[in-house]
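Subject: Structure for you to look at

Hello,

Here is the structure I promised to pass on. Please open it first, then read my notes below.

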Amino acid sequence: MNLPRGQKPFVVGLAGLGTVGGGLVRLLEENAELTRLRAGRDIVVKRILVRDAAKAREVSPPADAELTTDAAALTDDPEIDALAELIGGIDQARALIDRALDKGKHVVTANKALLAEDGLALFKKAENNNLVLRCEAAVAGAIPIVQTMKESLTGNRVTSLLGILNGTSNYILSEMTTGNLDFDTALKQAQELGYAEADPSLDIDGHDAAHKLILLIRLAHGVDYPYATLPVSGIRGISVMDIRLAEEFGYHIKLIGRVREVADTRGGMSLEAGVFPALVHNRYLLARVNGVYNAIRVEANAAGSLFFHGRGAGALPTAGAALSDLVAAARGAPADNTGFARPDLPQAAVLPWEDGRSSFYVRLTVRDRPGVLRDLAGAMAAEEISVAQMIQKSGEGGIVPLVFMTHETTTRAMNKSLERMRDAGLLTEPAVCHRVL
Ligand code: NAP
Ligand code: HSE
């Protein structure tokens, strides 16, 4: 195909030459011809911002690009059309994007932490300046969920969305489940493979998944769910013992991010959202999503059930998503950045976490004495919690683990019954309690 003569290249200022930035440089070279045909022009990197220009690198910058440690060399260069922000972190990334938007540049970013914790002002600025601020690479790596929510599903009302949104923690849980690696070794490997955040506690404590969930809530519901109010727990406390016990009941333990519409007491709809480890039954596809893979299940009023699956982290899967945003910007895509006509999204109506309903897996460690089962069951019955299944394992020194699977109840009732057990001195160790999907 011949492209129109004189189409000037789309010039990119790339911030970051680490895992994702390096992947983007590789892909721009590997897919150069295809990209040119799709965008209608060449996409070229003029300058690359790094922390240390003298560092030895796995990926060399393109021949015509220069490394710099001066952010203004990207944001203030009139020849640069777009900033690709792939440095991560909050303050410097925010300043960089803010300045680029002030200077009339489109922005492509993978920075879910910034966009979730403090992104609305940037989206508003982009919209006011008629600039693209795109973030396909920020959510679930290679899975094209951002554009899907923004475009393909706009004819639907999304009633629930849940998934595995963090590759690192899914990799760790998968390795622990197969028995190949322990927690620390699996985390180290995820870091070596370029999956983990610079601060891996963001991955294992659930915050990275929470950042992505906040972005998905905006895209699905057109509301702002304040990040600080989202209930978040991670996988740090998951033991091999619980993984094995869950297997006995037919479940896998996964770190889940979920939002769903729930009828509230005022006759309206509130959003129940959170990130939490959960037992997922083997009959669900989600239970079989392993390694660095992510998956998202969307329930929508017209489409019904949809399932998306793909690599959630890593250099090329993430860079491919960032490159798709650059191609869109180079083609002159509209600045429909939030997917909603007004960029100042209203606040979400939030269902208090304690009011959410679920079945629970509860592992209790108790003294093996007559009546203990009656007392535990009594503490649950007092909160109207009904037990669905129960197993007792042999223990040591007269201390035994008892595992209950409950019928559906509220988190409030579950917490109160555990409090009753603690107050009655029934537990020799803190209870382990996870939701069951
Ligand atoms: P990374 O490997 O640590 O690379 C970061 C790059 O940014 C490095 O080249 C570093 O320079 C540069 N940098 C960092 N802070 C800087 C600063 N203040 N000024 C100038 N340059 C700076 O990180 P990454 O894994 O590519 O992640 C980048 C972003 O993508 C993050 O927002 C992350 O959340 C997101 N993301 C990552 C993945 C993944 O699989 N890794 C997936 C999705 C999204 P030096 O090389 O000189 O140190
Ligand atoms: N650290 C993130 C993960 C990278 O493991 O999922 C992808 O966003």
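Accessible areas here come from the Shrake-Rupley method with a 1.4 Å probe. On that basis the protein chain exposes about 19,000 Å². Carbon and sulfur atoms supply 48% of that area. Please keep in mind that this is a predicted model.

The chain as a whole

The protein chain has 15 helices and 16 strands. Its radius of gyration is 24 Å, close to the 22 Å that the globule rule gives for 437 residues, so the chain is as compact as a globular protein of that length. Along the principal axes, the C-alpha trace spans about 85 × 50 × 40 Å. Of the 437 residues, 53% count as buried. Now take the contacts between residues at least 6 apart in sequence: 73% of them join residues at least 24 apart.

Ligand 1

How many residues surround ligand 1? There are 24, and the closest are Leu17, Asp52, Arg57, Glu197 and Gly314. By class, the shell holds nine nonpolar, nine polar and six charged residues.

An N or O atom in the side chain of arginine 57 is 2.8 Å from an oxygen atom of ligand 1. Glycine 194 uses its backbone: an N or O atom there lies 3.0 Å from a nitrogen atom of the ligand. Glycine 314 also brings a polar backbone atom, 2.7 Å from an oxygen atom of ligand 1. On its own, ligand 1 has 900 Å² of accessible area, and the protein covers 87% of it.

Ligand 2

The residues around ligand 2 are Lys112, Asn166, Gly167, Thr168, Tyr195, Ala196, Glu197, Asp203, Asp208, Lys212, Gly312 and Ala313. They divide into three nonpolar, four polar and five charged.

Which atoms of lysine 112, glycine 167 and threonine 168 lie by the oxygen atoms of ligand 2? For lysine 112, a polar side-chain atom lies 2.6 Å from an oxygen atom of the ligand. For glycine 167, a backbone N or O atom lies 2.7 Å from an oxygen atom. For threonine 168, a polar side-chain atom lies 2.6 Å from an oxygen atom. Taken alone, ligand 2 exposes 250 Å², and the protein buries 94% of that. Helix 8 (167–178) and helix 11 (207–221) are the elements that give two or more residues to this shell.

Asparagine 111 sits in the loop between strand 5 (106–109) and helix 5 (112–118). Is it buried or exposed? Asparagine 111 has a relative accessible area of 6%, under the 20% cut-off, so it counts as buried. Its side chain makes a polar contact with the side chain of glutamate 85, at 3.3 Å. Neighbours within four places in sequence aside, asparagine 111 is in contact with Glu85, Gly88, Gly89, Ala93 and Ala138.

Arginine 157 is in the loop between helix 7 (145–152) and strand 7 (158–164). Its relative accessible area is 43%, between the 20% and 50% cut-offs, so arginine 157 is partly exposed. The side chain of arginine 157 makes a polar contact with the side chain of glutamate 261, at 2.9 Å. Again leaving aside neighbours within four places in sequence, arginine 157 is in contact with Glu261, Met269, Glu299, Ala300 and Asn301. Arginine 157 and leucine 14 are 143 residues apart in sequence and 36 Å apart in space, C-alpha to C-alpha.

Two positive phi values

Most residues other than glycine have a negative phi. Alanine 140 has a positive phi, near 60 degrees. Alanine 140 lies in the loop between strand 6 (133–134) and helix 7. It is buried, with a relative accessible area of 0%.

Glutamate 384 also has a positive phi, near 60 degrees. Its place is the loop between helix 14 (372–381) and strand 13 (387–392). Glutamate 384 has a relative accessibility of 73%, over the 50% cut-off, so it counts as exposed.

Best wishes

Methods. Residues are numbered from 1 along each chain as its sequence is written. Chains are lettered from A and ligands numbered from 1 in the order in which they are written. This is a predicted model: local features need pLDDT of at least 70, side-chain atom pairs count only at pLDDT 80 or more; totals for chains, interfaces and linings use all residues. Side-chain values use heavy atoms; hydrogens and water are left out. A residue is near a molecule or strand if one of its heavy atoms lies within 4 Å of it. A polar contact is a pair of N or O atoms within 3.5 Å; within protein, one must be able to donate a hydrogen and the other to accept it, and residues adjacent in sequence count only if both atoms are side-chain atoms. Ala, Val, Leu, Ile, Met, Phe, Trp, Tyr, Cys and Pro count as nonpolar, Asp, Glu, Lys and Arg as charged, and the others, Gly among them, as polar. Helices (H or I, at least four residues) and strands (E, at least two) are DSSP runs, numbered from the N terminus. The radius of gyration is taken over C-alpha atoms; the globule rule is 2.2 Å times the number of residues to the power 0.38. Buried means under 20% relative accessible area, exposed over 50%, partly exposed in between (1.4 Å probe, protein chains only). Contact means heavy atoms within 4.5 Å.
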